[in-house]
Amino acid sequence: MVAFLPMIYVAWADGELAPAEMGTICERIRRLARLPEPCSKLLGRWLDPASPPSARDLQRLLATIRRRAAGLSHRERITLTELGVLLARAEGGVSEVERQALVAVEESLGVAGSEAARQLLATRRPAAGPVTPPASFPVAALTRYLDQPRAELRQRVREILRRPEFRYCGDDLDRAAYRQQVLAWCRALAAEGLGALSFPRRCGGRDDTAGFVAVFETLAHHDLSMLVKFGVQFGLFGGSILHLGTARHHDRYLKDAGSLELPGCFAMTETGHGSNVQDLETVATFDRERGEFVIHTPHPGARKDYIGNAACHGRLATVFAQLELDGESYGVHAFLVPIRRPDGTPCPGVEIEDCGAKLGLNGVDNGRLSFERVRVPRRNLLDRFATVDEEGRYDSPIPSGKKRFFTMLGTLVGGRVSIALAALSATKSALAIAIRYANRRRQFGPPGEAETALLDYRTHQRRLLPPLAATYGAHFALRHLAERYAATMEELDRREVETLAAGLKAFATSHATRTIQTCRECCGGQGYLAVNRFAALKADSDVFTTFEGDNTVLLQLVAKGLLTGLKKQFSEMNLFAFVRHVAGQAATSLAERNPVTTRLRDQSHLRDRDVQLAALRWRESHLLTTVARRLKKRLDRGEDSHAALIACQNHLVKTAEAHVERLILERFAAALEACPTPELTPVLTLLCDLFALERLEHHRAFFLEQGYFEPAKAKAQASEETLHRAPPPRRASGQR
């Protein structure tokens, strides 16, 4: 009878057997084991479906099994049958007939016998040891590499943010107090000279655009309301004076803007026009007799909306308005317009409204501005690209109004660069919190063993590690963009940087929104607590997909830039070059889509960087040429360009996304090649492969449709990608 105790306990404790199944098990025991009558009756009572044992009975039965099995380890891989035989040794053992009965009953239970035996023998789950896995690479060296360029400046910013006055407190304050705290933080940063870094030395700055970008990126690891107000004051307001004004504007305003003695606003967006800056409706009419511009909001839809610094602190605004002379419009220009007196009251003709509570960034005082024929001196026109003299004569070194407009906007591309970097910093913060937590937090595990760390689960790795790899790729791409932006640029370079900034801003901010949400979910209930920052990171970064241009609009801008480049490329080719180009494209397509290449699936092929890059380049090229053909067909039929673009919008967006993904992989690969520390090569290679393979997996349907992959290769691609992000799980003991 003792040999059957483990079976009896499992049969009832499992709770999955129906009464009929229990009766069948009882009958098999009676028929096969040929037990003595007293034992058979006792067994019948224990297995009677009409009279199940109580919870107390089952607990006593479990205690009996464990007492008789004292000395056996739960780590021993034995079945229920073997456990029963061991228990029966003290009673004289079991016969071969009884052993066969035990085997038959174990099969009838439908459980994994060895797992069930382990659960019976495991008394208490041991506590996990400390989780301190040794790094497989030199962490300090990776930190130094990621901090380049301007590592010392970044470290200085971190040290400033560690001061007690920068203690994170956004969740503890009401909106008014929070706004004042953010202002105090920005004043402290200005006192350190960080706000004026990009301004000329004669105006209190350091002529250090690259340094300002590095500071902004690093500040994004702290409170994002502080970051945005810092960006509005020094990057947008101060930057507009720096890039759109001339020396007299610099000398008069930049020193006070850089010290925050003169809080300012950047008033571009209107209620009725956000992304479409060219059609803004605020008007600046020149009054020749008085030598003044009259700034006017013609209707509520033309009011300036969502303007940072406007609700409480701003005193001067850079206002973008349609310049009109003698009834003729010369397009959008920028004007410096006082909006608030030193005592905080609005200037005459200026109406200021608080935007109120927002989804996030409530430490920033966003407001709405309306102007009722507000007069400003002629010198308040920021006149780097156009002037109006005393007689009201307009002049510009750029004759084309369209080119002048886009040249003006191009000088403000730093906003997109900064927002992209800030979004990625927020993503890094979220990933650092979630991955550290997953490496420490334990849940479930084998009986008698310490629970398994979350990061050892394949599903957790799949949720967190691909975004980590994409973040590394975007990091290197954005550092390249920041260097290009900070350098002195020719006009051609500037256009390339604008396209690059638009694409990477769209990628980085969308990536941030997705990844921060995933990180929150991966931290469970702890992720829902405000103290762990996900609430603020989610709410405050969400608007980054809208700041400095809606992402969908920016991707279309990227696609248009690619189409323009394609058109220029063909227009500049002579006949011989054109034939050579077409032949090269055909040869590439033939090589990459031949039956052998499309089926290759060994690891060395799938991990080959040239193979990965070729796939992403081919996808971008294919999407670009096919959308160009679609647009040409529509234009040839007589459609106007606007209608043709609308018809192909989704195709254009996919083309731009393909361009950005290819660019990120190229910059990741270049950063890997340039890494000065050989010990970092394995981990960076792993991350680079993971990014590439995950993107190829994501686009499997496209590659299969186009015949670039065959199904077997597509399956191997996904499998290889899984291998990269899921190394063999570690034991769940304290030894990691």
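## Residue I295 in strand β3

I295 lies in strand β3, which covers residues 292-296. Helices (H or I, at least four residues) and strands (E, at least two) are DSSP runs, numbered from the N terminus. The model is predicted, so local features need pLDDT of at least 70 and side-chain atom pairs count only at pLDDT 80 or more, while totals for chains, interfaces and linings use all residues. Residues are numbered from 1 along each chain as its sequence is written, and side-chain values use heavy atoms, with hydrogens and water left out.

The relative accessible area of I295 is 0%, so this residue is buried. Buried means under 20% relative accessible area, exposed means over 50%, and partly exposed lies in between (1.4 Å probe, protein chains only). Leaving aside neighbours within four places in sequence, I295 is in contact (heavy atoms within 4.5 Å) with T282, V283, A284, V319, F335, V337, F371, E372, R373, V374 and V376. One of these partners, R373, is 78 residues from I295 in sequence, yet the two C-alpha atoms are 5.2 Å apart in space.

## The loop between α8 and α9

Helix α8 spans residues 139-147 and helix α9 spans 151-161, and P149 is found in the loop between them. The peptide bond that joins Q148 and P149 is cis, with omega at about -5°. Most peptide bonds are trans, and most residues other than glycine have a negative phi.

R150 is also placed in the loop between α8 and α9. Phi of R150 is positive, near 70°, in a residue other than glycine. With a relative accessible area of 32%, R150 is partly exposed.

## The loop between α18 and α19

A positive phi also occurs at E548, which is not a glycine; the value is about 55°. E548 is found in the loop between α18 (534-541) and α19 (551-571). Its relative accessibility is 25%, so E548 counts as partly exposed.

## The chain as a whole

The chain has 28 helices and 11 strands. Its residues number 736, and 51% of them count as buried. Among contacts in the chain with a separation of 6 or more, 74% are between residues 24 or more positions apart.

The chain exposes about 34400 Å², and carbon and sulfur atoms supply 52% of that area. Accessible areas come from the Shrake-Rupley method with a 1.4 Å probe; for residues, only the protein chains shown count as cover.
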